[in-house]
Amino acid sequence: MSLTVEELSESAFARLVAVAPHILGDPARLPDLEARGSGALLSALIEEIRHSRRNDQVWLLSVGLTGSFPLPDQVRSARRALLLADGDLAFIDFLEATFGLATGTESLDVTLEVVHRGVVIDVDFCATHLAHTGIQRVVRQTMSRWHGQRDITLVGWSPHGRSMRRLNALETSRVTEWNTYTEPDAHEPREEPGRAHIVVPFESTVVLPEVPQPNLCNVLASLAEFSGNKVGLIGYDAIPVVSAETVPPAETERFVNYLSIVKHSHLVAGISAAATDDFLGFSHALRAQGLPAVPAVEVSLPIALPDSAREAESAGASTPLILCVGSQEPRKNQDAVLFASELLWREGLDFRVRFIGGGSPWFTQGFDQRIKALTKKGYDVEVWRGVRDEALLASYAEARFSIFPSLHEGYGLPVAESLAMGVPVVTSGYGSTAEIAVGGGCVLIDPRDEMTIVDAMRSLLVDSVRIDQLRSEIAARPSRSWDDYADELWDGLVVPLGAPANV
Amino acid sequence: MPSIEPGDNPQAETPKKLTVTERLKQSEAERARLQREVDSLSDAALSKWLLIAHRESSHVAMTQTVSWRITKPLRQVRLVQRKVVEVGVVQTAQVVVSTLQKRRKSSGK
């Protein structure tokens, strides 16, 4: 889009006016500087920073001038330029140092809003995607409770990841009203976007409840290191690094980039004791880089159902159903379930197996062929993909027990959901799934020893007393809801970083 | 010899002597004029910088260009090459075929 110099100057002036109160030592000077124009205002802001030498102000002025969040090297070079400059030339040197940032921006015609001492929450992925697996479930369950009740600003990112922006109405609904909103038809005409408006947190708390997209990692690392904002994040797991053999190489690369944010963040809330340990391990390793350890606290996820239809009806089929929920990938060990099932079918046991979850075609292609081969042999096995929560809960209601023999988990939501539905679970006897099992209702197995899976499945298929006993254990578990989790996360992650406590 | 003091020349017109206050006012006015000039030059420099940066930034829109779009198949071929190395020809071919079938189905062809 072609813009006139007047349009560019006007929006740059408005941005500088917006950031000025947070840089000027004496904000009373602002009206006079405004009257003198953008050049004078920028010069005054530069002079202030040359005296204060504050990195957060270098970061903020860079954003104000360019409408783009700077990368770590761009903050460093702008700072060096300011400190090295001969007084009168500092203005020119700063323009030169930030030219690369300005040319990389999506548009210089943007307006800007500083969120000062607020709570800014980056929910970009959930706002712009329809995926709804583990992380998205946690984000949507939590944000639907914070939204409207607490003073928060939900943000996403500009199309090329240069700056934060407020969510539009549809995006807000995707994050906060997942089970009730209606996704519009893709062919419906979209509202024409006007002049872009960016959100700039300053001296605020920035919460990252998602694992950010790879293109955002460097800019968020810069924000965490230089902007003066306190960055807190939910720590799901470190599987792409510590169990790298179980994920595609691109996942590992993505996670390693994510660690560049973690190392400069201020607090991690792990979703289980195991996940918290993973992040503490990384945190201790930072000493070798001369960086302070990042504290990590455990705020475990609840044993609870998603908010949709809580009353699920059992289909009442006579053949027992074994349910295996979770994305289909080698780490989740679904092939071991297929193996154990085939052995038990050959023994003459009569049961059905249902897998629910999606997956990358690089795995599901082969997995589907194995399912097809078993079906051809006459065994009752099926895969459901892309189902909504109602169908998932109905399957739990129908199941005799569920099975989740994952090799490595940050938490294990399918275990928690199964227990919340009163359905016994066969799951891995270590890590986060073993933590969940402590309250009862689970049979623990070694996921690397397939015969323990076979034994556990056989036992729960033939022994109804055992099933009843597990169901009683589940009924006696103390309840902890998504409401509890949302409150505990606010108190454990957001309040320590400076936000108001629960009222 | 009598000394000649400045201003003693009766033929020369005597310039009006400015009081300190007037000279200060004059200097302040001059300073303000110069300040306005500096401010105006800074404004102009900043405007020029914005315009040049704006023109340079057009490369960000590269992904929307025709050339980017027409080279998309080349990038996809490169992805397939990488996957062949990673997971082998058979699995790559299966995924490619299934992806193409899904696309055809979703586009209604």
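User: What share of contacts in chain A join residues at least 24 apart, among those between residues at least 6 apart in sequence?

Analyst: The share is 75%. A contact here means two C-beta atoms, placed from the backbone, within 7 Å. This is a predicted model, where local features need pLDDT of at least 70 and side-chain atom pairs count only at pLDDT 80 or more, while totals for chains, interfaces and linings use all residues. Residues are numbered from 1 along each chain as its sequence is written, and chains are lettered from A and ligands numbered from 1 in the order in which they are written.

User: Why is α18(A) called largely enclosed?

Analyst: Eight of the eight residues of helix α18 (residues 413-420) of chain A are buried, so the rest of the structure largely encloses it. Buried means 20 or more other C-beta atoms within 10 Å of the residue's own; 12 or fewer is exposed, and in between is partly exposed. Among the buried residues are Leu413(A), Pro414(A), Glu417(A) and Ala420(A). Helices are DSSP runs of H or I with at least four residues, and strands are E runs of at least two, numbered from the N terminus. Across chain A, buried residues make up 47% of the 503.

User: What makes a set of residues the largest nonpolar core, and which residues have the most contacts inside it?

Analyst: Membership takes buried Ala, Val, Leu, Ile, Met, Phe, Trp, Tyr or Cys residues, joined through C-beta atoms within 7 Å. The largest such core has 151 residues, and those with the most contacts inside it include Leu45(A), Ala416(A) and Met457(A). Helix α11 (residues 214-226) of chain A gives the largest share, eight residues. Leaving aside neighbours within four places in sequence, Leu45(A) touches Leu16(A), Ala20(A), Ile23(A) and Leu61(A).

User: Why is α15(A) called oblique to α20(A)?

Analyst: Helix α15 (residues 334-346) and helix α20 (residues 450-462) of chain A pack at about 55°, with axes 9 Å apart. Under 35 degrees is roughly parallel, over 145 roughly antiparallel, 65 to 115 roughly perpendicular, and the rest oblique. That makes α15(A) oblique to α20(A). By class, their contact has ten nonpolar, no polar and two charged residues.

User: How many residues does each chain bring to the contact between chain A and chain B?

Analyst: Chain A brings 25 and chain B brings 20. α3(A) gives the most to the chain A side, with five residues.

Technical notes
Axes are lines fitted to C-alpha atoms, for helices over the stretch in contact, and angles run from 0 to 180 degrees between N-to-C directions. Ala, Val, Leu, Ile, Met, Phe, Trp, Tyr, Cys and Pro count as nonpolar, Asp, Glu, Lys and Arg as charged, and the others, Gly among them, as polar.
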